[in-house]
Structure formats: structure tokens, C-alpha cells
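Me: I'd like to learn how to read salt bridges in a structure. Could you take me through an example?

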Amino acid sequence: MKKTREHLPIFGIGPFLVFPMTGVTIAAIILSAKGIIPFTIQGKLVPIILLIVGILLIIEGIACFIGANFGHLVKCIKSNTLKTTGSYAFVRNPCYAMFLLGCTGAILIAHNPVLLILPILYWLELTIVLSNTEEKWLEGVYGQEYLDYKKRVNRCIPWFPRKRG
């Protein structure tokens with residue numbers, strides 16, 4: 001049963017989650033480059049592999065963002081329609097996924113294994129905050145439709161949707 005309410009905020013809690021995530025990533029990369037955070041991987045092959053994987057993650061993040069189709073998303077939000085197409089068919093939060101993938105890609109490019117704790121912490125933060133805020137709101141607004149969507153599509157890591165059933 002859908003509850004009739006005003007629509008969700010256009011930006012939600014996103015800026016409060018992703019701007020600090022981005023700032024911490026930038027600071028960690030700078031500290032790593034200056035040698036303040038030790039253990040940068042040296043050599044030729046591994047840094048090149050990490051560079052390639054990092055760039056691919058950043059590209060995937062950008063693709064999630066572009067695939068979100070914000071013009072259509074704003075219409076869905078204002079009309080209280082659950083968006084499940086485009087990027088939303090592969091990840092429930094493509095904007096958060098963009099920042100998670102982008103920050104992870106940048107960290108891989110920095111080739112410092114110590115920094116790999118950050119994407120885990122970011123994912124944990126997103127999981128805890130979103131499951132206790134936006135997802136509860138969406139469940140209240142869309143009911144079973146949102147619960148079914150949650151079963152099929154990952155929260156922050158793009159992946160192929162699970163089969164209905």
C-alpha cells in the first residue's frame with residue numbers, strides 16, 4: 001500500500017555522505033603520495049594493473065551516474081514513482097555507486113594497499129546510513145514494490161539484477 005506524501009527530496013542525504021567520502025579519499029591519496037601513509041606498491045607491473053583497474057572503476061562510476069538520467073529521475077521523484085530502469089536496474093543508488101567506484105578507482109591508482117580500507121568503510125557507511133534513512137522512507141512510500149526491488153538490485157555496487165521469483 002502506497003502512502004501519500006510529498007515527494008522525496010531531490011538530493012536526499014547524498015551530499016552529506018559523498019562529499020566527506022571524496023575529501024577523505026583525496027586527503028589519503030595526498031598523504032600517501034607524500035609518504036606520510038607508507039606502503040605504496042613499487043615496481044612496474046602491479047602499479048600498471050592497478051592503474052588500469054582504477055580507471056575502469058572510475059569509468060563504471062561515471063556510467064552509473066550518466067545512466068541515472070536525472071531529468072527523468074526528477075520527474076519520478078516529483079510524481080512519487082519508483083525508478084527501476086537505466087542504471088537503477090543494476091544498482092539502487094547509482095549516484096552513491098559513482099562516488100564509491102570513483103573513490104575506489106582513485107585509491108587503486110594511488111597503489112597503496114593501506115588505503116584499501118577506505119572503500120570498505122565507505123560501503124559500510126552507505127549500508128548503515130541508507131538502510132536506516134532513505135530505504136525506510138522508500139519502503140514506507142512504495143511498500144511491496146520497493147521490497148521486491150530491494151531483493152533484485154544491490155544497494156551500492158552495480159551488478160546484474162537477481163531473477164524475480
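Me: Which residue forms a salt bridge with Arg155, and how far apart are the closest N and O atoms?

Reply: Start with the general idea: side chains of opposite charge can pair when their charged atoms come close. In this predicted model, Arg155 pairs with Glu135, and their closest N and O atoms are 2.6 Å apart.

Me: Are Arg155 and Glu135 buried or exposed?

Reply: For this you need a cut-off: a residue is called buried when its relative accessible area is under 20%. Arg155 and Glu135 are both buried.

Me: What other salt bridge does Glu135 make, and with which side chain?

Reply: The side chain of Arg92 also meets Glu135 in a salt bridge, at 2.8 Å from N to O. Here Arg92 comes from the loop between α3 (70–78) and α4 (94–109), and Glu135 from helix α6 (residues 134–142), so this pair links parts that are 43 residues apart in sequence. Arg92 is buried, as is Glu135.

Me: What about Lys150: which residue is its partner?

Reply: Lys150 forms a salt bridge with Glu139, with 4.0 Å between the closest N and O atoms. That value is worth checking against the rule, which asks for a nitrogen within 4 Å of a carboxyl oxygen. Lys150 belongs to helix α7 and Glu139 to helix α6, so the pair ties together parts that are 11 residues apart in sequence. As for accessibility, Lys150 counts as partly exposed because its relative value is 25%. Glu139, at 33%, counts as partly exposed too.

Me: Which residues do the salt bridges that share partners join into one network?

Reply: The network is made of Arg92, Glu135, Glu139, Lys150 and Arg155. By the rule used here, the count comes to 4 salt bridges.

Me: How many positive and negative side chains does the chain have?

Reply: There are 17 positive and 8 negative side chains, and the centres of the two sets lie 4 Å apart.

Me: And how many helices and strands make up the chain around these pairs?

Reply: The chain has 7 helices and 0 strands. Of its 165 residues, 38% are buried. To see how the sequence folds back on itself, look at contacts between residues at least 6 apart in sequence: 79% of them join residues at least 24 apart.

Key: Residues numbered from 1 in each chain as written. Predicted model: local features only at pLDDT ≥ 70, side-chain atom pairs only at ≥ 80, totals over all residues. Heavy atoms only, no water. Helix = DSSP H or I, 4+ residues; strand = E, 2+ residues; numbered from the N terminus. Buried < 20%, exposed > 50% of the residue type's maximum accessible area, 1.4 Å probe, protein only. Contact = heavy atoms within 4.5 Å. Lys, Arg positive; Asp, Glu negative; His and termini not counted. Charge placed at Lys NZ, Arg CZ, Asp CG, Glu CD.
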